[in-house]
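Biologist: I keep running into labels for folded chains, and I'd like to know where they come from. Can we go through one together?

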Amino acid sequence: YQNLWINLLYPVTNMLTIFTIQTVIRFFHEERKAKEIRQMLSSYVSPKIVKELIENPDKAKLGGERRIVTLLFSDIIGFTSLSERRQPEEVVSLLNEYFKEMADIIFRWDGTLDKFVGDEIMALWGAPLEQPNHAELALRCALNMSEKLNELQEMWRQRGGDTFDVGIGLNTGEVIIGNIGATGKKMDYTAIGDHV
């Protein structure tokens, strides 16, 4: 119209540069988000669940929500008297050995390790991902934990050390589940409610 020829090289190059920069920024942002989720969850859920949450982050609704879950509580019987008879270092070593084996079993059965409270273990199934067979998984885990405890007791006897028994309780019901605590300080993914 004006007999002008515009060189399209500059605007096309500019658009391609902007697109490339946005793609790179988006990639690093997604990687950072995945790393945060992985770090947050890897301490209390099995690697299989962490992988699924990374691939489908929309399934990780963290916050308070109502959910039917199965809870497992495991408590050492006579722990107070055991800890009074032994040196604190020995008690900690025994607990660490026991907790490691039990945590491995919980993860093997796709459980979420909620917390250790003194000599108690709290775990749950059915969150953060839905598990239609959560009660069965928890029961199989409890049986597996009991079998493993028998093996540990035999090993401790052979070493000439103290042994202990464990009580395991299971309950299924509706709870409020999510991250509870002080934002930016200390958060725990846990369940709260009458069924707990």
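Modeller: Let's take the labels one at a time and check each against its definition.

Biologist: What should I know about the model before we start?

Modeller: It's a predicted model, where local features need pLDDT of at least 70, side-chain atom pairs count only at pLDDT 80 or more, and totals for chains, interfaces and linings use all residues. Residues are numbered from 1 along each chain as its sequence is written, and side-chain values use heavy atoms, with hydrogens and water left out.

Biologist: How many helices and strands does the protein chain have, and what counts as one?

Modeller: There are 5 helices and 5 strands. Both are DSSP runs numbered from the N terminus: helices are H or I with at least four residues, strands are E with at least two.

Biologist: Why are H4 and H5 called roughly antiparallel?

Modeller: Helix H4 (residues 88-108) and helix H5 (residues 134-158) pack at about 150°, with axes 10 Å apart. Angles run from 0 to 180 degrees between N-to-C directions, with axes fitted to C-alpha atoms, for helices over the stretch in contact. Under 35 degrees is roughly parallel, over 145 roughly antiparallel, 65 to 115 roughly perpendicular and the rest oblique. H4 and H5 are therefore roughly antiparallel.

Biologist: Which residues make H4 and H5 meet?

Modeller: Contact means heavy atoms within 4.5 Å. Among those in H4 are Leu-94, Tyr-98 and Ile-106, and H5 brings residues including Met-145 and Trp-156.

Biologist: What makes a set of residues a nonpolar core?

Modeller: They must be buried Ala, Val, Leu, Ile, Met, Phe, Trp, Tyr or Cys residues joined through side-chain atoms within 4.5 Å. The largest such core here has 28 residues, and Tyr-98, Ile-106 and Met-145 are among those with the most contacts inside it. H4 gives the most to this core, with 10 residues. Met-145 touches residues including Leu-72, Met-102 and Ile-121, not counting residues up to four places away in sequence.

Biologist: Why is Asp-110 called buried?

Modeller: Buried means under 20% relative accessible area, exposed over 50%, and partly exposed in between, using a 1.4 Å probe and protein chains only. Asp-110 has 14%, so it counts as buried. Asp-110 sits in the loop between H4 and strand S2 (112-117).

Biologist: What is phi of Asp-110?

Modeller: It's near 55°, a positive value in a residue other than glycine. Most residues other than glycine have a negative phi, and most peptide bonds are trans.

Biologist: Where is there a cis peptide bond?

Modeller: A cis bond joins Ala-127 and Pro-128, with omega about 0°. Pro-128 lies in the loop between S3 and H5.
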